[in-house]
Amino acid sequence: MSSALPQPTLPELANRILIVDDDAEIRTLLGRYLKEHGYEVASARDGIELREQLKLTAPALIVLDLMLPGASGYDLCREIRQQSSIPILMLTARGEEADRIIGLELGADDYLTKPFSPRELLARIRAILRRANPGTQTVGSDAGGYSFMDWQLNTGTRSLRTPQGEQLDLSGGEYDVLLALVEHPQRILSRDQLLDL
């Protein structure tokens, strides 16, 4: 097995997340959840598929499971760091402090122990991308809310700013509906789905 990762041949995609996990169900569930929040998702089940994906494009972030067939997540993290500064969020069922420290010392940007909530994973991805790309907006949200078509929804003040800079105060219901829509970009939501959200 080669220790050198192939260099990505296409430009980095600012909203592509690469999920590397040998569990197909986890890849599917995380992929679906991240797509619902505006990310493009690619997946790999091991180091071989990870290298193949990196031949296609450099993702904005890699979600890397620790326990993989063949090369471990530690090995792959070390390998990636020798070639690239792509942010890495490491996932593992092993929550011991020593495991977390090893992952971070090898170059992981963050560490999340299974089981975890998809919302926490999304928040950690957004935080890592903000740190990795200061001054740029991550998909869907910035530090204080969401932006779309020059409109800005501020989640702190629960208000909406128009493209002309005018601030609109929203009722509780208006804010809840708008938040549900911006948290699920590119999706048609039924009345029942909106009520559930």
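Let me start with a term: buried means under 20% relative accessible area, exposed means over 50%, and partly exposed is in between, using a 1.4 Å probe and protein chains only. What we have here is a predicted model, where local features need pLDDT of at least 70 and side-chain atom pairs count only at pLDDT 80 or more, while totals for chains, interfaces and linings use all residues. Residues are numbered from 1 along each chain as its sequence is written, and side-chain values use heavy atoms, with hydrogens and water left out.

First, the overall picture. The protein has 197 residues, and 40% of them are buried. Its secondary structure comes to 7 helices and 10 strands; helices are DSSP runs of H or I with at least four residues, strands are runs of E with at least two, and both are numbered from the N terminus. Take the contacts, meaning heavy atoms within 4.5 Å, between residues at least 6 apart in sequence: 56% of these join residues at least 24 apart.

Now to the salt bridges. I count one when a side-chain nitrogen of Lys or Arg is within 4 Å of a carboxyl oxygen of Asp or Glu. How many does the structure hold? There are 10 salt bridges.

Let's look at D75 and R78, whose closest N and O atoms are 3.4 Å apart. Both residues sit in helix α3 (residues 73–83), 3 residues apart, about one turn of the helix. An α-helix has 3.6 residues a turn, so residues three or four places apart point the same way. D75 is partly exposed because its relative accessibility is 35%, and R78 is partly exposed because its value is 38%.

R124 and D110 make another salt bridge, with 2.9 Å between the closest N and O atoms. This pair links distant parts of the chain, 14 residues apart: R124 is in helix α5 (residues 118–132) and D110 in strand β5 (residues 110–113).

E49 is partly exposed at 27%, and so is R45 at 45%. Then there is a network of salt bridges linking D21, D65 and K114.

On to two helices. For the expected span of a helix, I use 1.5 Å times one less than its number of residues. Helix α5 has 15 residues and reaches 21 Å from its first C-alpha to its last, close to the 21 Å expected. Its buried residues include L121, L122, I125 and R126.

Helix α6 (residues 172–183) has 12 residues and reaches 16 Å, close to the 16 Å expected. Which residues of α6 are buried? They are Y175, L178, L179, A180 and V182. These buried residues pack against β7 (145–148), β8 (151–154), β9 (159–161) and α7 (191–196).

The structure holds 2 cavities of 30 Å³ or more; on a 1 Å grid over the protein atoms alone, a cavity is a set of points where a 1.4 Å probe fits but cannot get out, and lining residues have an atom within 4 Å of a point. The second largest cavity is lined by R16, L18, A42, Q53, L54, T57 and P59. Within that lining, β1 (13–20) and α2 (47–56) each supply at least two residues. Thanks, everyone!

Definitions and conventions:
On a 1 Å grid over the protein atoms alone, a cavity is a set of points where a 1.4 Å probe fits but cannot get out, and a pocket is an open set with protein on both sides within 12 Å along at least five of seven lines; lining residues have an atom within 4 Å of a point. Grid points are joined across faces, edges and corners, and a volume is the space filled by probe spheres set on the points.
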